[in-house]
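User: Please guide me through the ligand site and the backbone of the following model.

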Amino acid sequence: MPVRFTRSVQIVDSHTGGHPTRVFLGGLPALNGDTVMAQRDDFRDRLDFLRPQLLHEPRGHAAMVGAIVVPSRVADFGAFFVSSYVYLEMCGHGTIGLAKTLAAIGQFEVPETGEKRFTLETPAGVVTVGVESEKGLVAGIRIDNVACHVIERDVRIEPPGLPAILTSTAYGGGVFAMVDAKALGWPIAPQTTSELCAKGAAIKQALNARAGLPDSHKVGSVLFHEDLGPRHARHLVVLEANKFDRSPCGTGSSARLAVLHEQGKLGIGESFRAESVLGTHFEMRIERATNARIEPSIRGNAHITAFSTLVVEDGDPLAGGFLCR
Ligand code: PYC
């Protein structure tokens, strides 16, 4: 062959409610560490150049999220999630994409009709995943997410160029700020995503610029909500200035459930429908609540889009990957 490759990596791509998950199955260097978090840190410290190489253009794009499958000593599987910009502690849509991929490549058997449960160690903790099947096919995937809690209530900020905003922040596997888009007259629609990304970035910057804020309270993403009924809302999570979650965002919606529970608006066992800007949805539920922490579940499904091998050709001037804002 008249071409030579410096890297060749086996992947399975899927989308969960529109948001992509790229599961890495082979071709990556071995990682050191006894826990998934330690292996994630090893990857970040030694191999961070692979993040843009394998997730950014021309092999991926700004919205891409990678799931790197690693050994676990405490769970059936281990994985950590790498977004195109940051390392996530947990990822709801990514876990659903990973579960669908593991089922598709025969890592476990799904019953003709019923549920196959497995545990997954993530940097945020161990979650349980239930893969529901009907007539031999995956019909839905439910994750029992890590415990979630409210961090700050009714914080008032005045980001430059925006009206005063009242927000609460909460942990759902990452830290999210809740912003009532309906009250502000900001519709959530495919045509408004760029505008909401700019607003979300300004809100995140204003929140994180507050003096003395501990790192654990710093907001990673902004969740805009448009409430459509007492237990039904459209969510748009702004992940970066040029990146929003196409799905309703599993961790962001989990954080929202913690806020709604504290406000007395959502009880244990009541279901909540979180809808995305594309009209796809997750069915959410608070399974348990103790000491101001809730344990939510997230149910959705993912669809496989590609089984492929990514390659990096010798001499490619864009081997490192790139993103334009
Ligand atoms: O579904 O939790 C999620 C998520 C986080 C970032 C993108 N999706």
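User: Which side chain has an N or O atom 2.6 Å from an oxygen atom of the ligand?

Analyst: This is a predicted model, in which local features need pLDDT of at least 70 and side-chain atom pairs count only at pLDDT 80 or more, while totals for chains, interfaces and linings use all residues. Residues are numbered from 1 along each chain as its sequence is written, and side-chain values use heavy atoms, with hydrogens and water left out. A polar contact is a pair of N or O atoms within 3.5 Å. The side chain with an N or O atom 2.6 Å from a ligand oxygen belongs to Thr 251.

User: What is the distance between a nitrogen atom of the ligand and an N or O atom in the side chain of Asp 245?

Analyst: Asp 245 is one of the residues that surround the ligand, each having a heavy atom within 4 Å of it. From a nitrogen atom of the ligand to an N or O atom in the Asp 245 side chain, the distance is 2.7 Å.

User: Is Cys 249 buried or exposed?

Analyst: Phi of Cys 249 is near 75°, a positive value in a residue other than glycine. Buried means under 20% relative accessible area and exposed over 50%, with partly exposed in between (1.4 Å probe, protein chains only). Because its relative accessibility is 4%, Cys 249 counts as buried.

User: Is Asn 291 buried or exposed?

Analyst: Asn 291 also has a positive phi, near 45°. Because its relative accessible area is 74%, Asn 291 is exposed.

User: Which residue does a cis peptide bond join to Glu 57?

Analyst: Most peptide bonds are trans. Here omega is about 5°, and the cis bond joins Glu 57 to Pro 58.

How values were computed:
Polar contact = N/O pair within 3.5 Å; in protein donor to acceptor, adjacent residues only side chain to side chain.
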